[in-house]
Amino acid sequence: MKTAFSWFWRSLFLLAVAVSLAAGLLLAWAASWKADALTRLQDGAESVVTSAGPQQVAERGDGSPILLIHGAPGGYDQGLALATALGLDDNHHLIAPSRPGYLGTPLATGLLPEQQADALASLLAALEIPAATVVAFGEGVPAAVHFAIRHPQRVTALVLVGGVYERTPPVAADQLLPLPRAALEALPGDVTSAWIAREVRTQPERLLFPALRVNSSGSDSEVARLAEYVNSSPDQLGDFAGFMQTLIPISPREIGLRNDMIQLGGLPPLPAEKIPCPTLVIHGVADRLQPLQGARAFATKSPLAQFLPVEGTGHLPWLGPDAARSRQALLDFLEKAAAPSAQIPTPTPAP
């Protein structure tokens with residue numbers, strides 16, 4: 001009996017040692033990946049001193065300037081990925097800042113959407129760019145709208161993709177999507193980020209259905225068809241993988257994400273009627289995170305806005321069978337907005 005008891009405790013001890021070693025190897029692997037990822041992110045952009053404070057920004061290409069405003073979580077890398085997904089290439093001067101609290105831009109540069117709008121104006125001033133077309137995604141839309149209103153001389157046209165247009169009540173921790181939830185706990189967030197990075201690099205198709213499921217209000221069968229379509233299109237699968245990489249590592253994006261959650265919880269209605277420039281509102285019909293009716297109501301209030309609902313997709317409207325049509329509509333809009341004395345067509349009511 002005594003021998004059996006001793007073997008039990010020895011086995012338990014060996015099991016504990018094995019688990020500790022496995023956990024140590026997992027954490028070391030995640031830490032190594034994170035260090036490499038942070039180095040790549042730092043090397044991919046520069047820090048610019050502006051009147052609002054330091055701002056991290058990446059610039060690519062030449063041509064007409066396009067200012068890319070990312071969502072949450074995100075950073076300058078998401079702005080660049082958004083440009084690729086929307087068909088904006090190096091024929092444009094792409095300007096992708098990290099919003100305050102994300103990556104290399106401190107939160108003190110601007111907490112409120114209005115302050116972030118002023119920071120964007122100071123960034124263009126520091127870069128000696130008189131004006132730009134603004135393309136904004138998700139939680140970056142409130143700052144973009146206020147930028148157009150507060151600094152009309154600096155915005156030639158406005159494109160809003162999958163945007164947040166109304167107050168978003170706080171979500172309970174147990175109801176958050178996996179990645180934002182991981183941001184609230186630094187250790188699981190880093191390990192989860194490393195795992196997502198491995199999946200994106202080796203087999204992104206495995207992430208398709210779960211990722212599209214959480215951002216689409218469609219049925220499981222509809223989401224499965226969307227995932228199958230994206231998986232059959234190398235370009236769209238690449239766009240999906242590129243976007244997923246802009247959510248990780250989560251820890252350098254945590255402060256900005258937390259601030260966005262706070263700000264959106266008390267977001268007053270955005271004054272669409274005050275936007276002084278041509279505006280294109282692109283929104284997935286099955287967007288679960290930001291329902292279609294909010295985008296439609298916003299576009300209806302602006303006399304200069306066009307509303308483009310994208311069928312068969314959710315919060316990432318550059319994915320799916322209708323994405324090519326919306327991409328071409330965006331390029332046509334930008335071409336007309338850039339033309340001298342451009343007249344943007346009267347918006348057609350969405351079905």
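These legends go with an overall view and a few close-ups of a predicted model.

Figure 1. Let's start with the big picture: the protein chain has 12 helices and 8 strands. It runs to 351 residues, and 51% of them count as buried. Looking at contacts with a separation of 6 or more, 75% come from residues 24 or more positions apart.

**Figure 2. S122 in its helix.** Here we zoom in on helix α3, which spans residues 113–126 and includes S122. Is S122 buried or exposed? S122 has a relative accessible area of 7%, so it counts as buried, the cut-off being under 20%.

**Figure 3. The neighbours of S122.** Leaving aside residues up to four places away in sequence, S122 touches T50, S51, A52 and Q55. With T50 there is also a polar contact: the side chains of S122 and T50 are joined at 3.3 Å.

**Figure 4. A323 and what surrounds it.** Now over to helix α12, made up of residues 323–338, where A323 lies. A323 is buried because its relative accessible area is 7%, and the cut-off is under 20%. Which residues does A323 touch, not counting those up to four places away in sequence? They are Q236, P317 and W318.

**Figure 5. From A323 back to T313.** This view pairs A323 with T313, 10 residues apart along the chain. Their C-alpha atoms are separated by 8.6 Å.

Notes
Residues numbered from 1 in each chain as written. Predicted model: local features only at pLDDT ≥ 70, side-chain atom pairs only at ≥ 80, totals over all residues. Heavy atoms only, no water. Helix = DSSP H or I, 4+ residues; strand = E, 2+ residues; numbered from the N terminus. Buried < 20%, exposed > 50% of the residue type's maximum accessible area, 1.4 Å probe, protein only. Polar contact = N/O pair within 3.5 Å; in protein donor to acceptor, adjacent residues only side chain to side chain. Contact = heavy atoms within 4.5 Å.
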